[in-house]
Amino acid sequence: MLFAIFINGLLYGGTYALLAVGFALVFGVAKIVNMAHTGFYMMSAYLIFIGVSILGYPLIVAALLTVVGAGLIGVIAYRLFLDRIKEHETAVMIVSVGLALLIQELLLLFFGGHYKAIPPFIHGFITISNQQVSYQSLLAIVVSAVALLVVWFLLSKTMLGIAIRAAAEDREAASLMGFNVGRISMIIMGISVVLAAVASSVAASIFTIFPTMWLHPLVIVLAAVILGGLGSIKGSVIGALILGFAESIVVLTVPKGGYLGGVVSLCIMIVILMIRPEGLFGISFEEERL
Amino acid sequence: MINYFRLWYRYFQVEVLSIPSRVIALIFFIVIGALPFFTQSPQVLRILILAGIYAIYAVSWDLLAGHTGQISLGHGLFFAVTGYIAALLNLHLGFGPWLTIPIGALCAVVVGLIVGIPALRLRGFYLALVTLAFPIILTGIIFIYPDFTGGELGLFGISRLSPSRLTDTYIVYVVMLVSVFIMYKLTDATSKFVRTGLVFQAIREDEISARKSGINTVRYKLLAYSVSAFFAGIAGGMYAHFLKIMGPSTLELTFSFQAVLWAIFGGMGTIYGAVVGVYTLFPFMEVLRFFPLGDEIRGVLFASVLIIILLFMPEGIGVWIRDKIEITCPRCKEINIARRKRCRICNAQLRLDDQSS
């Protein structure tokens, strides 16, 4: 039991962490609350489904094409819709909700509301201390960890990472130092959608896919990002892991836990925000004055 | 007596007839009120009733988020709480809608205060995302106790709002007019009688300055929560009694987003914007059902229209239209028709770049 909780927690936590990091990056650099983020996650799952079941590509090819394609779609969506009205914060948020709804409705139109499944990369399972753990879950955990490490490397060791962190810290100063903040925002949008696509390519075969599957991860991702503190990448990873483990504990131990997975996560978020209003790793700031 | 009427007419002429947006609002409300005289088809009345209910709901969101700046992404909570309480009171105790809706709305006020108290410590996106959590928590509670709350299927067999659909229409119409008018007056920053409008805007713009000016911002924020929850509750109660079924669909994220979509589509921070948003988007969506293929593509069309309108009018469609037909006098702050060159009150030049006068 304990082991199953541990594996499931890592699985949920890793997937949510990939999504939360992408969301936090876009919020930090481009200052956009991108509600369509999990919409892109859902879109990637469907792209893989199209590649595998309709076009008949091998799964690995479909997944790679999806990661590239989703990144491009993310950048195009950013250029076409979000970039133009950046100054109007609420309008951007609503446009991103509109984007997510558009993705959802297009999928409903073409695929209907039925549950769909993607085949796993590796079949079979391994038995560890009387628990069956599918290879796919292990793969998903490993891929999430590797992707997070790559993001960490990108942010801390490369020139692009320095540019991203500079733009996140102070847009105007970064702009004055010669960084092209507009282009950095575009790149970061691409990276965040690529992360969502990676998450969906490894996790979507474990979960079922359907046109409203973006709502639950969206809630958890928002909760994780807020829990960790807006603007802190480390915080959002830890927030996602906490919520992933909480969800896994509730789902596996409490009767009717399936209904309660999201509820408990949100209660944890509210309690932590009551204690620390700026989140676990958020910078404690006096009210920002403009 | 005649003099008195003349005075009122004069007042009406200055305050309504010479301001185009108010004339449009007046004509609009008269048309909505008179529509049942021309057609009584159940579909049209249904659209009118639901649009009225949603108008109250969207306006109550606008009061809280647009005017006070307390962005709430879980506004469906207040709507659903009243709906459920009205339904339970009606089913178990047999109370009529005249009793259940006010009681439910008062319960929504209590819930509003419960949500509002944690909200006092948070602001901005933190607040928005915490409010988003509450309806989802309530959904979980409803699903755990399906015997009492109806679970996923919801509660049905609630008694009707009134005997016929026509009277339903007028009840909703009158309640909508009164609620929107009250909320409009409460948020009117230029009002000489209530200062809530000014205080709400001060809190939205700069809370610390407001507190520095001696305003008890805690009290006013909680007041905004209670008023908003009360009216959202009224809407929710009427919704339950009109549809005669109350399910957890109103607690979903998408329903809470609806209020935000309507209000921002019409123009945030202006009460009329929310009304404009509801009365353009909602009937548009419903009418699409009657066309062939309309039912399948209405979701896609809704999202596309939303995105396109906001790309070109990020302030909202209501504000965009207002800016086309009205101009505010720079000297005396009175509203004028946009084609005037000089202010109708103080004769000041309205546009500085206008060389012709």
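**Entry 1: Lys244(B)**

I started in chain B, where Lys244(B) sits in the loop between α11 and β2 (245-246). My helices (H or I, at least four residues) and strands (E, at least two) are DSSP runs, numbered from the N terminus. I note here that this is a predicted model, in which local features need pLDDT of at least 70, side-chain atom pairs count only at pLDDT 80 or more, and totals for chains, interfaces and linings use all residues. Residues are numbered from 1 along each chain as its sequence is written, while chains are lettered from A and ligands numbered from 1 in the order in which they are written.

I found a positive phi of about 65° at Lys244(B), although it is not a glycine. I marked that down because most residues other than glycine have a negative phi. Is Lys244(B) buried, exposed or partly exposed? It counts as partly exposed, with 15 C-beta neighbours inside 10 Å. My cut-offs are 20 or more other C-beta atoms within 10 Å for buried, 12 or fewer for exposed, and partly exposed in between, with C-beta atoms placed from the backbone.

**Entry 2: Lys31(A)**

I then looked at Lys31(A), in the loop between α1 and α2 of chain A. Its phi is near 55°, a positive value in a residue other than glycine. Lys31(A) is partly exposed, as I counted 14 other C-beta atoms within 10 Å.

Lys86(A) belongs to the loop between α3 and α4 (89-111) of chain A. I list Lys86(A) as partly exposed, with 16 other C-beta atoms within 10 Å. Leaving out residues up to four places away in sequence, Lys86(A) touches Ile32(A) and Val92(A); contact here means C-beta atoms, placed from the backbone, within 7 Å. I also checked Met177(A), which is 91 residues from Lys86(A) in sequence and 22 Å from it in space, C-alpha to C-alpha.

Ala189(B) is in the loop between α8 (165-186) and α9 (196-205) of chain B. It is partly exposed, with 13 other C-beta atoms within 10 Å. Which residues does Ala189(B) touch, not counting residues up to four places away in sequence? I found Gly197(B), Leu198(B) and Gln201(B).

**Entry 3: helices against α11(B)**

I went back to α11 (residues 217-243) of chain B, whose axis comes within 11 Å of that of α8(B) and crosses it at roughly 170°. The axes are lines fitted to C-alpha atoms, for helices over the stretch in contact, and angles run from 0 to 180 degrees between N-to-C directions. That makes α8(B) roughly antiparallel to α11(B); my classes are under 35 degrees for roughly parallel, over 145 for roughly antiparallel, 65 to 115 for roughly perpendicular, and oblique for the rest. By class, this contact has nine nonpolar, one polar and one charged residues. I count Ala, Val, Leu, Ile, Met, Phe, Trp, Tyr, Cys and Pro as nonpolar, Asp, Glu, Lys and Arg as charged, and the others, Gly among them, as polar.

Next I took α3 (residues 42-67) of chain B, which packs on α11(B) at about 165° with the axes 8 Å apart. That makes α3(B) roughly antiparallel to α11(B) too. In this contact I counted 16 nonpolar, two polar and no charged residues.

**Entry 4: α2(A) on α3(A)**

In chain A, α2 (residues 37-54) and α3 (residues 59-82) pack at about 140°, with their axes 9 Å apart. That makes α2(A) oblique to α3(A). The α2(A) side includes Phe40(A), Met43(A) and Leu47(A), and the α3(A) side includes Leu59(A), Ala62(A) and Gly69(A). I sorted the contact into 10 nonpolar, five polar and no charged residues.

**Entry 5: between the chains**

How many residues of chain B are in contact with chain A? I get 33, against 37 residues of chain A. Helices α6 (125-144), α10 (207-212), α12 (253-266) and α14 (294-312) of chain B each supply at least two residues of that side of chain B. The largest share, 11 residues, comes from α6(B). That side divides into 27 nonpolar, three polar and three charged residues.

Notes: Two residues are in contact if their C-beta atoms, placed from the backbone, lie within 7 Å.
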